[in-house]
Amino acid sequence: MARYDTFSKNNRRLADYDYRCEGLYFITICTQDRWPFFGDVKNGQMELSDEGLVAQDYWLELEQHWSRVFLGEFVVMPNHIHGILGLEGSAAESPLKKENDLEVLSAASKAEVRKEMMATISPKSGSISRIVGSYKAACTKMIRSMSNKPFGWQPRFHDRVVRSQRELVQI
């Protein structure tokens with residue numbers, strides 16, 4: 001199990017890819033320990049629980065809270081959600097500093113640059129990570145307020161940048 005845990009902590013994002021870029025993203029978000037909070041499949045149909053209805057309704061509200069977001073197909077399953085999330089337009093870019101730039105700066109400047117460097121690796125406003133994070137937080141708050149179940153999400157989510165029409169159709 002420890003080997004799996006080590007493997008699962010590897011960065012799954014594309015290196016040097018800006019997740020604020022216009023495009024389509026296939027998102028999968030799982031509940032903590034894959035617990036089936038969202039309902040059951042009966043006779044081939046998904047029957048949503050109250051928690052599942054919150055997850056569905058809050059997903060549909062993403063477009064109202066994020067001006068660049070548009071939604072494609074999505075489905076709420078017993079213990080996870082699949083959805084296509086699109087971004088349109090462009091987000092403001094911030095310049096990146098390189099570690100080598102630190103050698104020529106004063107101590108005070110180095111602290112500022114380090115702070116800025118940390119900001120460059122944190123989720124950016126309007127990025128897929130920020131959008132999914134806010135969705136998960138809102139769902140968690142509502143679900144915990146309406147029931148006494150220990151609801152939670154897995155710490156991360158899976159995403160796939162949709163690169164072609166063919167891939168979109170396959171998804």
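Tutor: We'll go from the overall fold to one helix, then to aromatic rings and salt bridges.

Tutor: Some ground rules before that. This is a predicted model, so local features need pLDDT of at least 70 and side-chain atom pairs count only at pLDDT 80 or more, while totals for chains, interfaces and linings use all residues. Residues are numbered from 1 along each chain as its sequence is written, and side-chain values use heavy atoms, with hydrogens and water left out.

Student: How many helices and strands does the protein chain have?

Tutor: Helices (H or I, at least four residues) and strands (E, at least two) are DSSP runs, numbered from the N terminus. Here the protein chain has 6 helices and 6 strands, in the order α-β-β-β-α-α-β-β-α-α-β-α along the sequence.

Student: And what share of the residues is buried?

Tutor: Buried means under 20% relative accessible area, exposed over 50%, and partly exposed in between, with a 1.4 Å probe and protein chains only. Of the 171 residues in the protein chain, 33% are buried. For contacts, look for heavy atoms within 4.5 Å. Among contacts between residues at least 6 apart in sequence, 65% join residues at least 24 apart.

Student: Which residues of α5 are buried?

Tutor: I128, I131, V132, Y135, K136, C139, T140 and I143. The arc is taken from the directions from the helix axis to the C-beta atoms. These residues cover an arc of only 160 degrees, which puts them on the same side of α5. K141 and S145, on the other side, are exposed. The cover over the buried residues of α5 includes β1 (23-30), α2 (50-60), α3 (62-65), β4 (69-76) and β5 (80-87).

Student: How many aromatic pairs are there?

Tutor: Rings of Phe, Tyr and Trp (its six-membered ring) pair if their centres lie within 6.5 Å; planes under 30 degrees apart count as stacked, over 60 as edge-to-face and the rest as tilted. The structure holds 7 such pairs. F38 and W153 make a tilted one, at 5.6 Å centre to centre and 50 degrees between the planes. That pair links distant parts of the chain, with F38 in the loop between β1 and β2 (39-42) and W153 in the loop between α5 and β6 (158-162), 115 residues apart. Both F38 and W153 are buried. The rings of Y135 and W153 also pair, with centres 6.0 Å apart and planes at 50 degrees, so this pair is tilted. F37, F38, W59, F74, Y135, F151 and W153 form one aromatic cluster.

Student: What about charges?

Tutor: Side chains of opposite charge can pair when their charged atoms come close. A salt bridge is a side-chain nitrogen of Lys or Arg within 4 Å of a carboxyl oxygen of Asp or Glu. The structure holds 3. One of them joins E51 and K149 at 3.3 Å, N to O. Those partners are 98 residues apart, E51 in helix α2 and K149 in the loop between α5 and β6.

Student: Is E51 buried or exposed?

Tutor: E51 counts as buried, at 4% relative accessibility, whereas K149 is partly exposed at 40%. Another salt bridge joins E167 and R160, with the closest N and O atoms 2.6 Å apart.
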